[in-house]
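The sequence and the structure come first, and the description follows.

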Amino acid sequence: MVVAVSEPVEGRTVTVRVPATSANLGPGFDTLGLALSVYDELAVSVLSDDRLEIEVTGSGASEISRDESNLVVRSIEHVYNDVGRVMPGLRITAHNGVPHGRGLGSSGAAVTAGVLAAKGLLEGEVDFSDIDLLRLATELEGHPDNVAPALFGGLTIAWTGERGPQHKKLLVHRGVAPLVLVPERTMSTVLARSLQPPQVSREDAVFNVSRSALLIAALTQSPELLLDATADRLHQDYRAEAMPETHALVQTLRKAGFAAVVSGAGPSVLVLADGPGSRLEAAELAASAVDTPWEALMLAVDVRGGTVRDRAEGST
């Protein structure tokens, strides 16, 4: 990270676009994540004083704070503090396309959006590497598995080592067709995590290690292996009591041969179909198999990740 000293430029505006993400993907608990083509978008402008103006539309807009506790604002301030700067007054205009509280990485998207907005506002003064961005986002989010694909796109493997949070981005096979089934209800990530036992059997641990390895091959080379590759014994069954409709839908889809998993902490369901035709069949089965309504999102894998553009200069 290279830092130069200068004053914030009044009126400078950056625009940020961040994809939804689905973490875990079945067996890859706290490790694997996938960027999906639903987006949060925001514009952030520097003000002449220390005012904070926030306008939010879209998913969860009525529940989002409009003060310093706002997650985007806290993320921007975290970056400024990290480089020894004082965050200027800001005007933030955001539209949330990522469903909130549904297991599609809405908090990770907000953190990523704030980190990238700060990067854009500090362009020319501070140079951030990918490692810097992942570290800053992980410090706020707590786990790198959602922020890594939000930042970099595609399929990511994330881990924390001696050098801090790290990631490896992989390209997904073009035959993989994601389907996300989104319910009306929300789910607390904290509650979902509290339902997991502190220890698991060696048999279950080995099972998930084998399936996680297979999942990388299935997503990058052999989509026909996705059903076997998405089997899990570490977290989904333990969370079933908190979201019975999700559990029932996952089981129905898997019994019919579709690679269905809980998306993140839930309650959305992610289906990794091995083609557009298979995806349509899964959506039709989901519509007919349950009494509660689920919104079917036919998505693509986002390959770019989060983007930031200086509106005045047109740079990315």
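Not counting residues up to four places away in sequence, T57 touches A94, H95 and N96. The model described here is a predicted one. T57 belongs to strand β4, and because its relative accessibility is 37%, T57 counts as partly exposed. Between T57 and A109 there are 15 Å in space, C-alpha to C-alpha, and the two are 52 residues apart in sequence.

## The nonpolar cores

The largest nonpolar core has 43 residues, and those with the most contacts inside it are V16, L42, V44, I76, L90, I92 and F128. Two or more residues of this core are given by each of β2 (13–23), β3 (32–46), β4 (52–58), α1 (71–82), β5 (90–96), α2 (106–121), α3 (130–141) and α4 (144–152). The largest share, nine residues, comes from α2.

When its neighbours within four places in sequence are left aside, I76 is in contact with V44, M87, L90, I92, G114, A117 and A118. Another core, of 26 residues, lies apart from the largest one, and V98, L104, V182 and L299 are among its residues.

## Helix packing

| Helix pair | Axis separation | Angle |
|---|---|---|
| α3 and α4 | within 9 Å | roughly 140° |
| α1 and α3 | 10 Å | about 125° |

The angle between α1 and α3 makes α1 oblique to α3, and the crossing of these two helices is right-handed. On the α1 side, the contact is made by R74, S75, H78, V79 and D82, and on the α3 side by R135, L136, E139 and L140. By class, this contact of α1 with α3 has three nonpolar, two polar and four charged residues.

α3 and α4 are likewise oblique to each other, and α3 passes α4 in a right-handed crossing. From α3, the residues in this contact are D130, L133, L134, A137, T138 and E141, while α4 brings P144, N146, V147, A148, L151 and F152. The classes in the contact of α3 with α4 are eight nonpolar, two polar and two charged residues.

## The covered helix α4

Helix α4 is mostly covered, with nine of its nine residues buried. These buried residues are P144, D145, N146, V147, A148, P149, A150, L151 and F152. The elements that cover them include β2, β3, α2, α3, β7 (155–161) and β8 (164–170). After α4 comes G153, which has a positive phi near 80°.

## Backbone particulars

Most residues other than glycine have a negative phi, and most peptide bonds are trans.

L25 is not a glycine, yet its phi is positive, at about 55°. L25 is placed in the loop between β2 and β3, and because its relative accessibility is 0%, L25 counts as buried. The loop between β2 and β3 also holds D30. D30 has a positive phi of about 60° although it is not a glycine.

The peptide bond from G266 to P267 is cis, with omega near 5°. P267 is found in the loop between β10 (260–262) and β11 (269–273).

How values were computed. Residues numbered from 1 in each chain as written. Predicted model: local features only at pLDDT ≥ 70, side-chain atom pairs only at ≥ 80, totals over all residues. Heavy atoms only, no water. Core = buried A, V, L, I, M, F, W, Y, C linked by side-chain atoms within 4.5 Å. Buried < 20%, exposed > 50% of the residue type's maximum accessible area, 1.4 Å probe, protein only. Helix = DSSP H or I, 4+ residues; strand = E, 2+ residues; numbered from the N terminus. Contact = heavy atoms within 4.5 Å. Axes fitted to C-alpha atoms, helices over the stretch in contact; angles between N-to-C directions. Parallel < 35°, antiparallel > 145°, perpendicular 65-115°, else oblique. Left-handed = near helix turned anticlockwise from the far one by under 90°. Nonpolar A, V, L, I, M, F, W, Y, C, P; charged D, E, K, R; others polar.
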